[in-house]
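Have it open beside you while you read.

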Amino acid sequence: MHKFWPDVLEAVKNRRRFTWILLEQHTEVLFYDGATLALSTPNQGLYDHLVNSGGCDVLDEALDYVLPTRPVVELVVGGGAPSVLPRSTPKGPATEARVSVAVTTSETSSDSDEAARHTLRRVLAQTAFLMHEQGNSQAAALLTDVEDVELVPGNRFGEWQDAVLIVPPYLVPRFTETVSAAIQPVFEHVAGRHGLEIGGVTAAPALPDIGDDWRRILQELLAKGAASNQASRTRAKGVAPGFSKEGFVFDSREEVLVYEALKRVQAALPGESTISIFPLPMGRVGVGNAWTPDFLVTVAGRVGIIEVDGPHHHKRFAADTTRDRHWRNSGIVHIERILVEETSADTDLDALVREFLTRLREYR
């Protein structure tokens with residue numbers, strides 16, 4: 001592969017992830033002579049996707065960024081005759097003779113691309129509302145945090161398309177097999193009502209929005225990792241929580257809700273007999289492991305732990321039981337596990353927190 005191609009792919013990735021996936025997974029460079037770049041792909045679907053999604057413009061911008069002169073791009077499908085990709089307005093006079101046909105195609109592709117994005121966002125919104133109406137509030141809540149939806153080829157032959165839900169990185173693990181299996185048929189049904197055939201639904205992390213000064217910004221963020229709050233250290237290590245309150249950083253919306261419930265109880269108690277709340281502290285247990293509970297709470301000289309359990313905990317019951325035993329053996333007897341489903345109503349959540357604090361005060 002030519003040395004410049006990885007740089008072109010990186011430039012494409014910085015502009016549009018969907019186009020990058022198409023090119024990175026489904027093309028190879030056949031040759032490049034400075035004037036013509038020939039790419040090969042096993043299926044006609046890639047050509048159609050590039051043209052209909054505006055990907056040709058993205059590729060042209062990337063080539064302009066990496067190469068001194070933008071070449072003509074030919075796509076060889078399955079070893080057949082090469083097809084010249086439509087062109088956007090070139091940057092150099094040497095290629096101006098090829099512009100006349102491409103301008104109209106570019107404008108049409110851009111309009112088509114925007115219409116497709118609008119349709120996908122509508123499909124997402126209607127899916128979220130349907131999930132809520134069907135009683136699946138957990139999936140509906142997760143869908144409200146989806147930043148965008150992209151379509152990718154469902155297989156290497158481009159026979160169907162999969163929908164990729166672009167979400168903050170910390171949310172990806174919450175789209176478990178169970179959650180995705182519940183969302184997929186509803187999303188497919190809604191998409192079909194809008195004339196879109198979807199073969200599957202997955203979640204992928206949103207790419208960070210960075211500029212040329214990304215090194216300086218990242219170094220500053222890493223330097224802040226020296227703060228004593230464990231949530232800040234977690235963030236500095238590369239975990240990207242998306243919620244913060246009063247200087248604390250949390251890993252999920254549900255943890256913020258539990259924190260707010262603890263604060264409500266704290267505010268209602270008399271000042272001489274209230275509670276302390278420690279989100280995401282780190283501690284070393286007797287077996288030598290360093291663990292971070294979601295919350296450590298103190299009241300009346302006693303200490304307890306609250307863990308907020310998402311769907312992935314359903315498959316790690318044994319591991320959670322072992323961890324709880326080690327906490328108890330290391331002096332923390334009271335451990336409360338709150339399911340994410342139990343955080344949807346403040347009244348229910350407040351009741352759980354009060355019950356936990358009552359046990360913490362009264363029982364050994």
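1. The charged end of K13 sits over the ring of W20, 4.5 Å from the ring centre. R15 does likewise with Y65: its charged end sits over that ring, at 5.2 Å from the centre. Bear in mind that this is a predicted model.

2. Next, ring against ring. Searching the whole structure turns up five aromatic pairs. One of them is F4 with W5, an edge-to-face pair with 6.4 Å centre to centre and 85° between the planes. Buried or exposed, these two? F4 and W5 are both buried.

3. Another pair worth a look is F250 with F295. The ring centres are 6.2 Å apart and the planes meet at 35°, so this pair is tilted; the stacked class would need planes under 30 degrees apart. F250 belongs to strand 9 (residues 248-250) and F295 to strand 13 (residues 295-299), so the pair ties together parts that are 45 residues apart in sequence. Both F250 and F295 are buried. Ring pairs also join F248, F250, Y259 and F295 into a cluster.

4. Now helix 7 (residues 177-193). Even so, helix 7 bends by about 25° at Q184, and a proline, P185, follows within four residues. Just after helix 7 comes G195, which takes a positive phi of about 85°.

5. Which residues of helix 7 are buried? The list is V179, S180, I183, V186, F187, V190 and A191. An α-helix has 3.6 residues a turn, so residues three or four places apart point the same way. That is a handy thing to keep in mind when you look down the helix.

6. On to the packing. The largest nonpolar core has 26 residues, and the members that touch the most others are L143, V146, V149, L165, F175, I183 and F187. At least two residues each come from helix 5 (99-133), helix 6 (137-144), strand 5 (148-153), strand 6 (161-167), helix 7 and strand 7 (198-205). Helix 7 gives the largest share of this core, six residues.

7. Leaving aside residues up to four places away in sequence, V149 touches L120, L124, A163, V164, L165 and F187. There is also a second, separate core of 23 residues, with V29, C56, L59 and A62 among its members.

8. Last, two backbone spots to check. L280 has a positive phi of about 50° although it is not a glycine, and its place is in the loop between strand 10 (275-279) and strand 11 (283-284). A300 is another non-glycine residue with positive phi, near 55°, and it is found in the loop between strand 13 and strand 14 (302-309). What are their relative accessible areas? For L280 the value is 4%, under the 20% cut-off, so L280 counts as buried. For A300 the value is 55%, over the 50% cut-off, so A300 counts as exposed.

Note on methods: Residues numbered from 1 in each chain as written. Predicted model: local features only at pLDDT ≥ 70, side-chain atom pairs only at ≥ 80, totals over all residues. Heavy atoms only, no water. Phe/Tyr/Trp six-rings, centres within 6.5 Å; stacked < 30°, edge-to-face > 60°. Buried < 20%, exposed > 50% of the residue type's maximum accessible area, 1.4 Å probe, protein only. Lys NZ or Arg CZ within 6 Å of the ring centre and 35° of its normal. Bend = angle between axes of the 7 residues up to and from the residue. Core = buried A, V, L, I, M, F, W, Y, C linked by side-chain atoms within 4.5 Å. Contact = heavy atoms within 4.5 Å.
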